[in-house]
Amino acid sequence: MVIFVSTSFHANGLKLRPRLGRIRRSRILEQKDSNHGFETFFYNQTIDHFSYGPESYQTFPQRYVINSKFWGGGNSPILAFLGAEAPIDDNIQPSGFTYENAHQFKALIVILEHRYYGKSVPFGSRKAALKNARHRGYFNSAQALADYASILLHIKDKYNATHAPVIAIGASYGGELATWFRLKYPHVVIGSLASSAPILYYGDITPWTTYHSVVSKDFRDTSEECFQTIKKSWSEIDNIASKPDGLAILSKKFKTCTPLKNTTELKDGLDTVYSEAAQYDSPSNIPVKRICNAIENAPNCGDDILCKIAAGVVEAYLLEYDGNNSRCYINEDRTGDESDEGWEWQDIKLILRRSTSNIIFSNGMRDPFSRGGVLENISDSIIALSTKHGSHCLDLDEAKKSDPDWLVQQRKTEVKIMQGWITQYYDDFKAINK
């Protein structure tokens, strides 16, 4: 299939990979009130878990949130949601997979914030934390996993729940963390639910071009006319840019937040619009269809291809900001997030099969990141759950009455598998401690 995204993704090589993360850019969900049992704590976390220099003994306050509303006490289970490349404020709400299923497990809910995000920033401020290479060196996945292990062991001690089984839950980069957590800290977690975790993109196991091939397929499956309009737009951008004041014309047409410096800036912005629409193309929001409808039905555009594309951009931003129209588009000021490289993998299937157990890899096949995910069972306890019409991390979203049967069943299957892990853990514990 022809990839319709910017030509910068062809022979010249890939740019930085598409952004991981469960929450779409700049979209902050309304926080719920504090009457649902969420309590915020700070753990005195070690800066460096792996060396013994003077600076490594410094500490910083790392935020975590606990909800004991459904907890059975004692050694009842703990569901640990692993924060990723964003503050955890969006996760502190009485909805979503973890909260909605905690009662079935009589589980304690723990939400852990990733170092260098939100209120868990070392060295006093984010600016100070990122000011030099030495400080930035502590900003990586290995340190984050050690952070999570330290906090969970602290919580088990604090709540007198030494033998409570812990299941890690993560979305996107957080799903990668959940996978690595189970591999590296099997004494801390008995299993992991890794939603939309593209772990096969590391070490060139799966080429990154597969991401954009799915974006293309999602749009083409939705509308051939829309697909062809977008495909033609790339050369039209170059055509207008070649004219006198061409970049100024494009800046005005797309209402960019700052004047365009080159066509790559515009193409990358459009690529982000299309990629995020495909990645989060859930049955309830249908962003790909809505963008295509806007492109195909753009008023007063005639044969003006870029006028139609601009209408699609406006619709995308209306979706992004819940119906509030933006004053400008494409190159708005935004603080970039980083997700770390983790470790390189070679034969990941062999490593997982021989080294671990109890991992669920869930993926929605309309999510471009799914091609970097685990899509087939690796063993009896390393399970792949894929849904044909699912999108990025959809299984962890708030359950709705309008959810299709396949999504409801996917969540039920995940809960059943997790219950099996917990039952087996208790059986093994009893057998060992007779």
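I call two strands paired if DSSP finds at least two bridges between them. Helices (H or I, at least four residues) and strands (E, at least two) are DSSP runs that I number from the N terminus. This is a predicted model, so I keep to its thresholds: local features need pLDDT of at least 70, side-chain atom pairs count only at pLDDT 80 or more, and totals for chains, interfaces and linings use all residues. Residue numbers start from 1 along each chain as its sequence is written, and side-chain values use heavy atoms, with hydrogens and water left out.

**Entry: the sheet**

I looked up the strand order first. It is an open sheet of eight strands, E1-E2-E4-E3-E5-E6-E7-E8, and the pairing is mixed. Which strands stand at the edges? They are E1 (38-46) and E8 (382-387); each has a single partner strand, so one side of each is left without a neighbour in the sheet. On average, neighbouring strands here are turned by 20° against each other, direction ignored.

At the E8 end, E7 (residues 359-364) runs parallel to E8, and six bridges join the two. I found isoleucine 360 opposite isoleucine 383 in E8.

**Entry: helices on the sheet**

For contact I use heavy atoms within 4.5 Å. Axes are lines fitted to C-alpha atoms, for helices over the stretch in contact, and angles run from 0 to 180 degrees between N-to-C directions. Helix H1 (residues 97-105) packs on the sheet and touches E1, E2 (59-67), E3 (78-82), E4 (108-112), E5 (166-171) and E6 (191-195). The direction of H1 makes about 170° with that of E3. Helix H5 (residues 173-184) lies across E3, E5, E6 and E7, at about 150° to E5.

**Entry: rings**

Rings of Phe, Tyr and Trp (its six-membered ring) pair if their centres lie within 6.5 Å; planes under 30 degrees apart are stacked, over 60 edge-to-face, the rest tilted. That rule gives me 14 aromatic pairs. One of them joins phenylalanine 219 and tyrosine 274: the centres are 5.6 Å apart and the planes at 75°, so the pair is edge-to-face. It links distant parts of the chain, with phenylalanine 219 in helix H6 (residues 209-222) and tyrosine 274 in helix H9 (residues 263-279), 55 residues apart.

Buried or exposed? I take buried as under 20% relative accessible area, exposed as over 50% and partly exposed as in between (1.4 Å probe, protein chains only). Phenylalanine 219 is buried at 0%, and tyrosine 274 counts as buried at 2%. I also noted a cluster of Phe38, Phe70 and Tyr99, linked by ring pairs.

**Entry: aspartate 48**

Aspartate 48 sits in the loop between E1 and E2 and is buried at 9% relative accessibility. Leaving aside neighbours within four places in sequence, I find aspartate 48 in contact with Ser56, Tyr138 and Gln143.

**Entry: positive phi**

Most residues other than glycine have a negative phi, and most peptide bonds are trans. Lysine 106 has a positive phi of about 50°; I place lysine 106 in the loop between H1 and E4, exposed at 53% relative accessibility. Cysteine 393 has a positive phi too, near 60°. Cysteine 393 lies in the loop between E8 and helix H13 (405-432) and counts as buried at 0% relative accessibility.
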